[in-house]
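User: Please examine the two-chain structure shown here and answer a series of questions about it.

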Amino acid sequence: MDRKQPHATDNAIVVKNLQKSYKDLKVLHGIDFNVRRGSILALLGPNGAGKTTTIRILSTLLSPDSGEAYVNGFDVVKQACEVRGSIGLTGQFAAVDGYLTSEENLLMLGRLYRLSQSDTKQRTRELLEQFDLVDAAQRPVKTYSGGMKRRLDLAMSLIASPPVIFLDEPTTGLDPRSRLSMWALIKNLANSGTTILLTTQYMDEADYLADWIVVIDEGRVIAEGDANALKARVGADHVDLTISRNSSFSIAQQAVDGAKIQANPEQRVLTIAASHGVTTVKQVLQRLEDAQIEVESLSMRRPTLDDVFLFLTGNGAPKTEEMEK
Amino acid sequence: MSEITLRAPAQAQPECRSDWYWLISDSWLMAKRSVMHIIRSMDQVLSLILFPIMFMLLNRYVLGGAIDTGNVSYANYLFAGILIQTLAFGANYTTINLAVDMKEGIVDRFRSLPMASTALVIGHIAADLVRNIISGIIIILAGFVVGFRPNASAIEWFYVIGLALLFTLAISWLSAILGLVVKSLEAAQWVGFVLIFPLTFVSSAFVPTDTMPDILRTFAENQPITHAINAIRAWLVGTPLGDSAWLSVLWSLGIIVVSVPITAWLFRRHAQ
């Protein structure tokens with residue numbers, strides 16, 4: 001690293017070769033990504049991929065073993081206090097005080113963020129209104145629904161108008177309606193110029209919200225790109241072909257080799273990505289016919305996140321690759 | 001839902017030195033929060049009122065007739081013991097409330113703020129002081145009802161209150177250590193009792209120590225709870241003071257001096 005200023009000004013978050021282990025378990029194997037100022041980046045990955053660990057390091061709750069990370073231009077290790085003044089954190093579990101009312105929660109947070117009394121009061125009024133909590137403002141938060149708690153949680157992160165917001169699985173456990181209203185709030189927030197780093201295990205959430213998606217698995221970045229680029233790669237419809245017992249499964253496998261993404265010999269099912277829709281299906285069926293393979297049944301389905309990870313991690317896909325826009 | 005407004009981000013850039021003003025401001029906010037928890041949680045309010053009255057009545061009327069306390073009436077003898085026992089049990093709430101906080105997301109939120117992180121512990125301990133002042137007042141009232149008749153001067157009452165507060169502070173800091181060490185809420189609930197019950201029973205709280213077997217007596221006569229009880233009893237009802245006043249002050253200060261850095265270290269260790 002010969003650059004004096006590793007944090008370019010157009011990136012609100014810079015992550016370089018971040019590594020972290022808990023005792024003997026290595027959870028981050030050196031991850032890198034940048035978040036452009038004012039954009040939404042989604043860290044997409046299954047449970048245990050290292051998403052929460054990454055967020056905890058960036059919000060100064062954990063220290064990394066090695067690597068560098070800058071938030072709003074500040075080093076998360078050496079300038080932790082400045083970082084804390086620049087961020088809002090909404091964790092996986094609503095970090096609200098159940099015995100206090102939402103108004104008391106917000107007033108307390110404002111002062112803890114070092115806002116003046118009058119600024120704190122004004123921001124509290126504004127946020128209660130914007131987050132649709134005015135009617136419930138005087139009730140203890142433990143009486144709130146899950147969706148209301150999450151809304152308050154997000155409002156609390158915003159009280160000091162921080163330039164960077166971390167959202168750790170912001171909609172996990174929410175009902176569909178609360179989920180949509182949370183999505184609207186997050187979009188809204190990004191439109192106002194806030195940089196947002198969110199984690200999710202849902203492809204559709206990343207798709208709807210994010211300008212840039214970083215897929216991580218087992219502590220490594222396995223792909224990144226915008227939603228279209230990732231979908232073009234892994235998001236085509238999947239076709240499950242059941243091969244008849246009269247034909248050889250291994251010959252069938254060879255016949256569709258280029259298009260195959262999964263093979264399950266016990267069930268005699270071959271899964272292929274229909275990247276060009278019906279054309280791909282036609283080609284594959286033609287190849288199987290040429291190889292004199294009998295196909296018992298065929299079904300098409302939307303890919304699940306499982307398919308995405310199987311595609312990205314297994315079956316000969318390259319370990320790490322960057323997808324261009 | 002309306003448009004979310006954000007001001008220019010620069011205006012919220014906080015002071016990053018954890019100077020005294022912010023430490024006190026943060027601790028005040030945390031104390032207010034902890035006191036709200038007491039007021040709004042029915043079981044804490046009930047235990048605050050019922051425990052001291054229950055202990056006072058049970059000891060005074062069930063055990064009191066069978067215990068020989070010499071030329072001091074049992075109600076007069078008992079008062080200091082019940083007072084210190086109640087303060088010690090009250091501090092168990094620091095363990096429980098801190099353990100609850102550490103389990104929930106709110107501590108991560110606090111730690112991601114530019115606040116002084118130790119303010120959370122200080123807030124719980126301050127709330128403990130408030131709780132124990134209320135308990136103390138209830139104990140005094142209950143004592144008068146069951147026949148406690150102190151002959152202390154104003155200056156002796158001043159000593160009693162001062163020592164009681166210092167003792168509360170010491171035991172709260174110890175309880176804070178437990179709150180940060182325990183792995184579960186259940187553990188937080190029993191660990192304090194397991195420590196405090198034997199300590200208050202093997203002391204001069206309810207019976208004179210001279211009838212205990214040698215080993216117990218030696219322990220009872222030299223442990224901090226006995227010193228605190230003996231000093232308070234001496235000031236209130238005129239039993240011999242001996243060395244207990246300065247010994248109990250020394251014990252309390254010693255516990256605080258040792259506990260504060262341990263607590264700070266344990267709190268930071270959660271960051272690893």
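User: How many residues of chain A are in contact with chain B?

Analyst: The structure is a predicted model, in which local features need pLDDT of at least 70 and side-chain atom pairs count only at pLDDT 80 or more, while totals for chains, interfaces and linings use all residues. Residues are numbered from 1 along each chain as its sequence is written, and chains are lettered from A and ligands numbered from 1 in the order in which they are written. Two residues are in contact if their C-beta atoms, placed from the backbone, lie within 7 Å. On chain B 31 residues take part, and the number on chain A is 42.

User: Which helix of chain A gives the most to the side that touches chain B?

Analyst: Helices (H or I, at least four residues) and strands (E, at least two) are DSSP runs, numbered from the N terminus. At least two residues each come from helix H2 (80-86), strand S6 (87-90), helix H3 (102-112), helix H4 (117-130) and helix H6 (176-191) of chain A. With five residues, the element that gives the most is H6(A).

User: How many residues on that side of chain A are nonpolar?

Analyst: Ala, Val, Leu, Ile, Met, Phe, Trp, Tyr, Cys and Pro count as nonpolar, Asp, Glu, Lys and Arg as charged, and the others, Gly among them, as polar. The side of chain A that touches chain B has twelve polar and eight charged residues, and its nonpolar residues number 22.

User: How are H6(B) and H10(B) oriented to each other?

Analyst: Axes are lines fitted to C-alpha atoms, for helices over the stretch in contact, and angles run from 0 to 180 degrees between N-to-C directions. Helix H6 (residues 154-181) and helix H10 (residues 244-269) of chain B pack at an angle of about 30°, with their axes 8 Å apart. Angles under 35 degrees count as roughly parallel, over 145 as roughly antiparallel, 65 to 115 as roughly perpendicular and the rest as oblique. The angle therefore makes H6(B) and H10(B) roughly parallel.

User: What is the handedness of that crossing of H6(B) and H10(B)?

Analyst: A crossing is left-handed if the near helix is turned anticlockwise from the far one by less than a right angle, and right-handed if clockwise. For H6(B) and H10(B), the crossing is left-handed.

User: How are H2(B) and H3(B) oriented to each other?

Analyst: The axes of helix H2 (residues 42-63) of chain B and H3(B) come within 10 Å and cross at roughly 150°. The crossing is right-handed. By that angle, H2(B) and H3(B) are roughly antiparallel.

User: How many of the residues of H3(B) are buried?

Analyst: A residue is buried if 20 or more other C-beta atoms lie within 10 Å of its own, exposed if 12 or fewer, and partly exposed in between; C-beta atoms are placed from the backbone. H3(B) is mostly covered, and of its 30 residues the buried number is 28.

User: How are H5(B) and H6(B) oriented to each other?

Analyst: The axes of H5(B) and H6(B) come within 10 Å and cross at roughly 135°, in a right-handed crossing. Their contact divides into eight nonpolar, five polar and one charged residues. The two helices are therefore oblique.

User: Is B:Ser135 buried or exposed?

Analyst: B:Ser135 lies in helix H5 (residues 119-146) of chain B. Not counting residues up to four places away in sequence, B:Ser135 touches B:Leu48, B:Pro52, B:Thr86, B:Leu87 and B:Gly90. Because 22 other C-beta atoms lie within 10 Å, B:Ser135 is buried.

User: Is A:Thr60 buried or exposed?

Analyst: A:Thr60 is in the loop between helix H1 (51-58) and strand S4 (66-71) of chain A. A:Thr60 has a positive phi of about 70° although it is not a glycine. Most residues other than glycine have a negative phi. With 25 other C-beta atoms within 10 Å, A:Thr60 is buried.

User: What value is phi of A:Glu169 near?

Analyst: A:Glu169 lies in the loop between strand S7 (164-168) and H6 of chain A. A:Glu169 counts as buried because it has 22 C-beta neighbours inside 10 Å. Its phi is positive in a residue other than glycine, near 45°.
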